[in-house]
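This report is written for a reader who is meeting a protein model for the first time. Please keep the sequence and the 3D view open while reading.

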Amino acid sequence: MIRWTSRAAAALAVAALLCVASNAYAIPAFARKYETSCLTCHTVYPKLNPFGEAFRRNGYRFPGIDSDYVKQGTIVLGQEANKKTFPNSVWPGTIPNSVPLSIGVNGQGFVIPSSTSTAGRNARPGTVLDLHDLVAEGHIWTGASLDDSITLWGELTFVSDGSLSVEHFQVLFNDLVGPKHWFNLSVGHGFPNVTPFGPHSSYLADQMVPNVPIGELLGNTSGWVLVDSYTGLELNGVVGGRFDYAVGLNAGASGISAPTEDYYGRVGFKLGGLRSDGEGSTGAPQDTLRPWAETSLHLYGFGYRSNTFLDTTAGAPTPNDVATTWGLGARAQFGSAELNAGWYHDKHNHGTDSATEATAKVFFSELSYVLFPWLVPSIRVENIRLDAQDAAGAALPSVNAWHVMPGIAFLVRPNVKLVVAANWEHANGFPTVGGEASAWTGGAGDGGAFTIAPSPSTVDATSSSSEFQTISISMAWAM
């Protein structure tokens, strides 16, 4: 029997992913390197403006010749003349004359509006304000260039429960061969570029593209999700300033015991606005008063195949879970307004504990407007539909969830932010117990996500539930 677990339903609802505070991926070490404001590349960090996206795609380098824009002093490793005697000498490089480290903290709290809501029923009786994760994570970042073509980038995260993780560690080899920006290689631990934008490019959520861990939803040991920090290598580039691509291989399920072999690809094209490689911008945003503003349309599509080798130590061999995912997306900008929208289809051939098929169809969107450089109202709308099969291969009733999150992002200072957002959810196709829907069993700790219980055999395809879950308060700083 397929089990709909609380952890899985949280992912299905997306609320757990939306309500946790965003990791602060602004890197003040880069601001010090170029002696420029964080606002050169960011709006409300970690959200990147068009120039910041070009900087990221260029391997965290300014367009043109990167070293021409570096203000921070460097120590030369080897003589320039060694280039003429290579390979009989080591190619020269540089390191910063100060340690290229940055630190930051992020966290979140929740206002629980009702004791009968998902969050209210799972909090301690009488809880109205939940602040136990107000300081949830600490970060140490590093970012440094060895020369005009090689960049190091890393992140170490400390969690309030005492755990420690390496979320990033990559060596970026830029402009390997051919015309500039055409062929770049990243090696190490980082996010696959299934979109042309940085993974943490939402004002309200941890990442723009929501994840649905089907394996955890349906009881097998696969924890693979589409967008996470994985170890591997990726070839990417920008051709002609407008066409972008990425192809990669990685060990996708880095957070679970089951090993995974993945490969993926993405193509995109930008119409209007700043070139995707930033060339022609003279090393700075074209509009210094509104560096976020442009009129453009960026279209993209991606495909991803993941093969998870499931754990077979507890019983009879279980077939590998092969996930085939494809999706489409777009970012449209008109001045200070920006609309992101996308959809993907994620099919697992053995996604359940019965080794049967399961599919998620995911839609996401976010509309934002930079009202002032320090004030950005936004609204996110997401929809997830989950379809699965029972042990006999018969279709189970579908579950369909909508999540709506209006909010405001404040930039108190260029490196201090506050985000306030409301969370509302509606879902159809719940299990019933005694004739009553029993879906709302999530908790404040996971952002008021709902749980589907106790079993798909009791799903009422006509059931429908809605609730105002929480008001989330997220804060972060970096320096």
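## Surface and overall make-up

The accessible surface of the protein chain comes to about 19,400 Å², and 64% of this area belongs to carbon and sulfur atoms; such areas are calculated by the Shrake-Rupley method with a 1.4 Å probe, and for residues only the protein chains shown count as cover. The model is predicted, so local features need pLDDT of at least 70 and side-chain atom pairs count only at pLDDT 80 or more, while totals for chains, interfaces and linings use all residues. Residues are numbered from 1 along each chain as its sequence is written, and side-chain values use heavy atoms, with hydrogens and water left out.

The protein chain has 479 residues, of which 53% are buried; here buried means under 20% relative accessible area, exposed means over 50%, and partly exposed lies in between (1.4 Å probe, protein chains only). The chain contains seven helices and 20 strands, where helices (H or I, at least four residues) and strands (E, at least two) are DSSP runs numbered from the N terminus. Among the contacts in the protein chain with a separation of 6 or more, 64% are between residues 24 or more positions apart, a contact being heavy atoms within 4.5 Å.

## A nonpolar patch

On the surface, V99, L101, I103, I140, F158, L164, W477 and M479 form a nonpolar patch, and together they have about 720 Å² of accessible area. Patches are made of residues with over 30% relative accessible area and no salt bridge, with like charges joined within 9 Å and nonpolar side chains (Val, Leu, Ile, Met, Phe, Trp, Tyr) joined within 5 Å.

## Helix 4, enclosed by the structure

Why is helix 4 described as largely enclosed by the rest of the structure? Helix 4 covers residues 50-57, and eight of its eight residues are buried, so the helix is largely enclosed. These buried residues are P50, F51, G52, E53, A54, F55, R56 and R57, and they pack against helix 3 (28-34) as well as strand 8 (184-190), strand 9 (230-239), strand 11 (260-272), strand 12 (294-308) and strand 13 (321-335).

At the start of helix 4, a side-chain oxygen of N49 comes to within 3.1 Å of the backbone nitrogen of F51. The helix is followed by G59, which has a positive phi, near 75°.

## Salt bridges

How many salt bridges does the structure hold? There are twelve salt bridges, each being a side-chain nitrogen of Lys or Arg within 4 Å of a carboxyl oxygen of Asp or Glu. In one of them the side chains of K270 and E294 meet at 2.9 Å, N to O; because K270 lies in strand 11 and E294 in strand 12, this pair ties together parts that are 24 residues apart in sequence. K270 is buried, with a relative accessible area of 8%, and E294 is buried too, with a relative accessible area of 11%.

The side chains of K347 and E357 also meet in a salt bridge (3.6 Å, N to O). K347 lies in strand 14 (residues 337-348) and E357 in the loop between strand 14 and strand 15, so the pair ties together parts that are ten residues apart in sequence. K347 is partly exposed, with a relative accessible area of 34%, and E357 counts as partly exposed at 28% relative accessibility. In a further salt bridge, between D387 and R385, the closest N and O atoms are 3.0 Å apart; D387 counts as buried at 18% relative accessibility, whereas R385 counts as partly exposed at 36%.

## R331 and its surroundings

K47, R331 and E338 are linked in a network of salt bridges. R331 is found in strand 13 and is buried, with a relative accessible area of 5%. Leaving aside residues up to four places away in sequence, R331 touches K47, E53, F197, S201, S296, L297, H298, E338, L339 and N340.

The side chains of R331 and N340 are joined by a polar contact of 2.8 Å; a polar contact is a pair of N or O atoms within 3.5 Å, and within protein one must be able to donate a hydrogen and the other to accept it, while residues adjacent in sequence count only if both atoms are side-chain atoms. R331 and K270 are 61 residues apart in sequence and 9.1 Å apart in space, C-alpha to C-alpha.
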